[in-house]
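Take a first look at the protein below. Trace the chain from one end to the other before reading on.

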Amino acid sequence: MRIETYNQVAQLYQGSKTGKTQKLYDNAAGRDEVTISRAGFDYQTAKQAVAEASDIREDKVAQLKARVESGNYRVDSGDFASKLLEKYNALRK
């Protein structure tokens with residue numbers, strides 16, 4: 001067998017390997033996928049619901065507002081003082 005013939009055959013096979021490899025990369029680029037587990041999906045849904053929820057409880061505010069406006073809202077001075085001291089002591093620690 002002549003070396004020239006061997007080189008020509010080798011060149012044919014190298015050319016087709018490169019083409020196949022290129023095609024695989026081209027096809028793979030369009031097929032990337034991301035799959036989220038059910039637990040991850042539930043977590044994202046809960047996180048979004050909490051983010052959209054209001055920090056103000058409108059029902060409680062309405063009740064207190066009605067009691068203040070009607071004059072029925074009374075604050076126990078002993079409870080107020082104990083809560084005030086509790087907060088003060090917590091800040092000092």
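This report covers the fold, the helices, a surface patch and a charged pair.

**Overall picture**

This is a predicted model. The protein has 4 helices and 0 strands. From the N terminus on, the order is α-α-α-α. How much of the protein is buried? Buried residues make up 0% of its 93 residues. The protein exposes about 9600 Å². Carbon and sulfur atoms supply 55% of that area.

**Confidence**

The average pLDDT of the protein is 80. A score of at least 70 is reached by 71% of the residues. Where is confidence lowest, and where is it highest? The lowest mean, 60, belongs to helix α1 (residues 3–29). The highest mean, 94, belongs to α3.

In α3, the end C-alpha atoms are 18 Å apart. α4 reaches 23 Å from its first C-alpha to its last, close to the 22 Å expected. α4 is hardly covered, with a count of 0 buried residues among its 16. Just after α3 comes Gly71, which takes a positive phi of about 85°.

**A nonpolar patch**

Which residues make the nonpolar surface patch? They are Leu64, Val68, Tyr73, Val75, Phe80 and Leu84. The patch covers about 590 Å². Two elements each give two or more residues to it: α3 (58–70) and α4 (77–92). Tyr73 sits in the loop between α3 and α4. Its relative accessible area is 36%, so Tyr73 counts as partly exposed. The limits for that class are 20% and 50%.

Side chains of opposite charge can pair when their charged atoms come close. In this model the count comes to 1 salt bridge. Asp42 forms it with Arg38, and their closest N and O atoms are 3.7 Å apart. The cut-off for a salt bridge is 4 Å, so this pair qualifies. Both residues lie in helix α2 (residues 38–52). They are 4 residues apart, about one turn of the helix.

| Residue | Relative accessible area | Class |
|---|---|---|
| Arg38 | 59% | exposed |
| Asp42 | 38% | partly exposed |
| Tyr73 | 36% | partly exposed |

Arg38 is exposed because its 59% is over the 50% limit. Asp42, at 38%, falls between the limits, so it counts as partly exposed.

Definitions and conventions:
Residues numbered from 1 in each chain as written. Heavy atoms only, no water. Buried < 20%, exposed > 50% of the residue type's maximum accessible area, 1.4 Å probe, protein only. Areas by Shrake-Rupley, 256 points an atom, 1.4 Å probe, with all protein chains shown as cover. Patch = residues over 30% accessible without salt bridge, like charges linked within 9 Å, V, L, I, M, F, W, Y side chains within 5 Å. Salt bridge = Lys/Arg side-chain N within 4 Å of Asp/Glu carboxyl O. Expected span 1.5 Å × (residues − 1). pLDDT = per-residue confidence, 0-100.
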